[in-house]
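Here are a few friendly notes to read alongside the model.

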Amino acid sequence: MGSFGKLARRALETEMPVMVQGVVHWQPPKKALEKLKKIINEPSISRYGNDEGILELRVALVKKLHDENKLHKSSVMVTAGANQAFVNLVLTLCDPGDSVVMFAPYYFNAYMSFQMTGITIILVGPGNPETLYPDADWLERILSETKPAPKLVTIVNPGNPTGTYIPEPLLKRISDLCENAGSWLVVDNTYEYFMYDGLKHFWVEGNHIVNVFSFSKAYGMMGWRVGYITYPSEVEGFAAQLLKVQDNIPICSSILSQYLALYSLEMGPQWVVDRVNSLVKNREIILEALCSLGEGSDKGGEGAIYLWAKLLEGNA
């Protein structure tokens with residue numbers, strides 16, 4: 001019989017995950033799935049691929065980053081979803097004893113990733129009580145007062161679990177604060193297409209910035225598990241260290257899944273936007289229903305598929 005005491009302490013001390021995942025109602029593009037059927041029996045599908053992702057997909061992603069995201073100095077690694085991308089980054093950038101920063105309400109898997117990898121100094125900053133925006137004044141103070149400076153700051157934009165959109169000026173300020181302090185900034189852009197009321201997503205790039213993206217929600221590929229990391233090409237040694245982690249976790253993302261991602265990208269961003277627009281009515285219905293809770297009871301929800309609601313006392 002096993003012993004509870006023989007389990008790793010960092011695992012035992014990691015919070016249990018919230019066993020609910022956000023999903024969308026659509027499936028991957030039909031044309032992409034049809035195209036996938038034609039290659040499923042090819043021998044290369046059953047073999048290992050390049051650790052950093054199949055060449056065709058990486059080329060297509062670099063083009064997408066240039067054209068859509070205006071990111072021109074970033075290299076790409078394909079991962080088994082955005083969660084694995086984040087774990088890769090924590091293992092590549094952080095050591096036990098380092099401090100890291102995130103903002104409440106935070107994405108639970110990111111917090112768990114820190115705990116599971118032995119990062120115990122997790123500084124959780126406040127959000128603005130009205131907007132839920134990360135408190136940049138608090139961040140400026142923490143980055144200057146904490147010695148050594150926190151190794152990494154992470155944000156999700158738009159937010160999970162709040163749907164809060166971080167405006168361009170605030171995102172730039174957070175980036176500048178991290179650069180001045182010598183801290184990495186990791187931005188999770190999983191919901192980059194999920195914007196409402198005319199808002200536009202914005203991205204930042206720099207030698208201290210890593211961006212994370214995902215196919216899960218945008219293309220309805222939750223179970224196919226494809227995400228990607230865009231990291232600064234000019235930082236010496238970054239790719240090699242990231243490759244060590246990748247080779248010891250998945251080796252590579254599923255080859256079949258990567259081709260589905262490639263074929264889905266060929267549909268263009270409007271395919272995703274059209275499906276996100278189908279959520280607008282749902283969002284309006286939910287916001288109307290929450291009106292009964294009183295003014296100011298719901299916050300966030302400018303993007304993603306979430307919002308933050310304050311339930312009446314006794315109903316939590």
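1. A pocket, on a 1 Å grid over the protein atoms alone, is an open set of points where a 1.4 Å probe fits, with protein on both sides within 12 Å along at least five of seven lines; lining residues have an atom within 4 Å of a point. Grid points are joined across faces, edges and corners, and a volume is the space filled by probe spheres set on the points.

2. This is a predicted model, where local features need pLDDT of at least 70, side-chain atom pairs count only at pLDDT 80 or more, and totals for chains, interfaces and linings use all residues. Residues are numbered from 1 along each chain as its sequence is written, and side-chain values use heavy atoms, leaving out hydrogens and water.

3. The second largest pocket has a volume of about 360 Å³. Among its 18 lining residues, Tyr 193, Met 195, Leu 199, Lys 200 and Val 273 lie nearest the centre. H3, helix H10 (269-277) and helix H11 (280-290) each give two or more residues to this lining, and H10 provides the largest share, four residues. (Helices are DSSP runs of H or I, at least four residues; strands are runs of E, at least two; both are numbered from the N terminus.)

4. The largest pocket holds about 460 Å³ of space. Of its 24 lining residues, Gln 21, Gly 22, Tyr 107, Asn 160 and Tyr 306 are the closest to its centre.

5. Helix H9 (residues 255-265) has eleven of its eleven residues buried, that is, under 20% relative accessible area with a 1.4 Å probe, protein chains only. Those buried residues pack against helix H2 (30-37), helix H3 (55-69) and strand S1 (74-79), with contact meaning heavy atoms within 4.5 Å.

Note on methods:
Buried means under 20% relative accessible area, exposed over 50%, partly exposed in between (1.4 Å probe, protein chains only).
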